Amino acid sequence: MTKAEPSHEFNKLVAVLGGGTMGRGIAEVALSAGHPVLLYNHRESTLETAAAAIRSSLARRVEKGRLSEEASQAQLGRLRLSTDLNDLTDASIIIESVTEDIDIKLQLLSKVERVVSKDTIIATNTSSLSVNRLSSRLDHPQRFIGLHFFNPAPLMKLVEIIPGNLTSAQVIAVAEALIAAWDKRSVTCKSTPGFLVNRIARPFYVEAFRLLDEGFEPPQTIDKALREAGGFRMGPLELTDLIGQDVNFQVTHQIWESMGYDPKYTPSLYQRSLVEARLLGRKSGTGVYAYGDTAVGLRSEQKVPSRAELDSPSFSKSITVYGEPGLLGPLVDSARLRGVSVQTAAATPSLSGSIGIDGGVLLRLTDGRIAEDVANQLARDVVLLDLALDFASVEFLLLSSNRRVSEGDLTDARNFLQLTGIGRPTLIDDTPGLVVARIVSCLINEASSLVQQRVSTPEEVEIAARLGVNYPLGLLEWRERLGVSWVESVMRNLSDLLHPTRYRPTPSFARSDSKHAPVSLAS
């Protein structure tokens, strides 16, 4: 089935309930696919605003050459507005997208079922409410399904399909065909709190705010590390300012409550204080950051020099690589290319992966422990390195050290890292898991839990991670790149240091079938 040739069932009327941002976005998607669309809202003024927004959106597409004027007018000609539920009678599918309030949705859905035919599919565009609970008052729950679109609906490629326990197989198949006909990519998951995308996204936000709860500062460093070392498009704190702190906090609280107050999802006290003070982010002018002409921008910090701009720092010492360097291998290769004398030595498992500088301080990738504990175990001073998406190209990296490390050893560590191309190694307080390693490990742990719980398939978890939240890698692919044992070690050490259940590693890490091939995102 193609976008231009929807099945005969969808040549019929599509009704969208709700004239807000999501409702009018879904209506535009259906119009673009060739359907007649009825947009319902109980307020006529809301409908007028929604219609104006759709006209404006289509006009922008015409201006950019993505749509002809004739096609734009044809789409607008298929749009009807109504404040009367009785006008829904002829709809083949109804997509409810009103405010995210369980009682309002339940009341509306009960009214809708009384006016539509027995063959009409009823869907809800909820981001986190239980599809089973929303269908509980319907006489025919087998025709009810969740279709979670993402904002902005016309642009975002992903749609989550969430069947309830009683949804029929035929309705699921029709929903999958519809989303494909609308030129979208779908993932199907169980009706579990947060579904796929919001569950995968929680550690990204929650752990960043948890670092602030623990006294980490400044917040810019968290965002910068995730962007520049982790490869994420935006940092979690700046992203929640964009989303709205109230909206993000509400979703986190809803998932936490629905998951039986699991400590993994406990909302942050720091974020709660922002919401209580109405410091909601960009829409209020201040959130984690201040916005406006006089505000300091997130990227107004000192520019990190590129590798081509780096002067060769003074580093004349040799290094010793103990065992296999693992993820730090690119740093060793870069040092060799720049003439550093590299020795290798056999190592115990606890020492393996370390890089020693001329018999002095050891550089190691964090494993979730604080540097003080690692130094005590090895009886050597250590500098721990945060995780990077690619150590061959990273230019900004966080470090921590134990208290005994001398200024001379810290200078040697910085000079070595700069020699390998890391233009701005940045020392922070001795923090469990640092920033990128901690958050990425928690993300991988959550994705692994979703697979283990059979909320969805491994392939669809990867699609959700790439298309739903735009992570730089699929999380299961990232797990295999880092090594299951390293991720499990980070989680166990965070569990020992910070909270016994919040960071519990998923039991599937111990299974032998954890390998997962990357999936294609092509439609």
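## Salt bridges in the model

A salt bridge is counted here when a side-chain nitrogen of Lys or Arg lies within 4 Å of a carboxyl oxygen of Asp or Glu, and by this rule the count comes to 22 salt bridges. The structure is a predicted model, in which local features need pLDDT of at least 70 and side-chain atom pairs count only at pLDDT 80 or more, while totals for chains, interfaces and linings use all residues. Residues are numbered from 1 along each chain as its sequence is written, and side-chain values use heavy atoms, with hydrogens and water left out.

Arg227 and Glu238 are joined by a salt bridge of 2.8 Å, taken from N to O. This pair links distant parts of the chain, with Arg227 in helix H8 (residues 219-229) and Glu238 in helix H9 (residues 236-243), 11 residues apart; helices (H or I, at least four residues) and strands (E, at least two) are DSSP runs, numbered from the N terminus. Both Arg227 and Glu238 are buried, where buried means under 20% relative accessible area, exposed means over 50%, and partly exposed lies in between (1.4 Å probe, protein chains only).

## Other pairs and a network

Within helix H12 (residues 329-337), Asp333 and Arg336 lie 3 residues apart, about one turn of the helix, and their side chains meet in a salt bridge of 3.8 Å, N to O. Asp333 counts as partly exposed at 44% relative accessibility, and Arg336 counts as partly exposed at 43%.

Glu372 forms a salt bridge with Arg403, their closest N and O atoms being 3.3 Å apart. That pair also links distant parts of the chain, since Glu372 belongs to helix H13 (residues 371-378) and Arg403 to the loop between strand E14 (396-401) and helix H14 (407-419), 31 residues apart. Glu372 is buried, with a relative accessible area of 12%, whereas Arg403 counts as exposed at 73% relative accessibility. Elsewhere, a network of salt bridges links Glu207, Arg210, Glu214 and Arg438.

## Strand E4 and its neighbours

Strand E4 (residues 91-96) is largely enclosed by the rest of the structure, because 6 of its 6 residues are buried. Two strands are said to pair if DSSP finds at least two bridges between them; E4 pairs in the parallel sense with strand E1 (residues 13-17) over 5 bridges, and also in the parallel sense with strand E5 (residues 121-124) over 4 bridges.

Ile93 in E4 stands opposite Val14, and in E5 the bridge partner of Ile93 is Ile121. From E4 the chain crosses through helix H4 (residues 102-115) to E5 in a right-handed β-α-β crossover, a term meaning that, with the strands pointing away from the viewer, the path from the first strand over the helix to the second runs clockwise.
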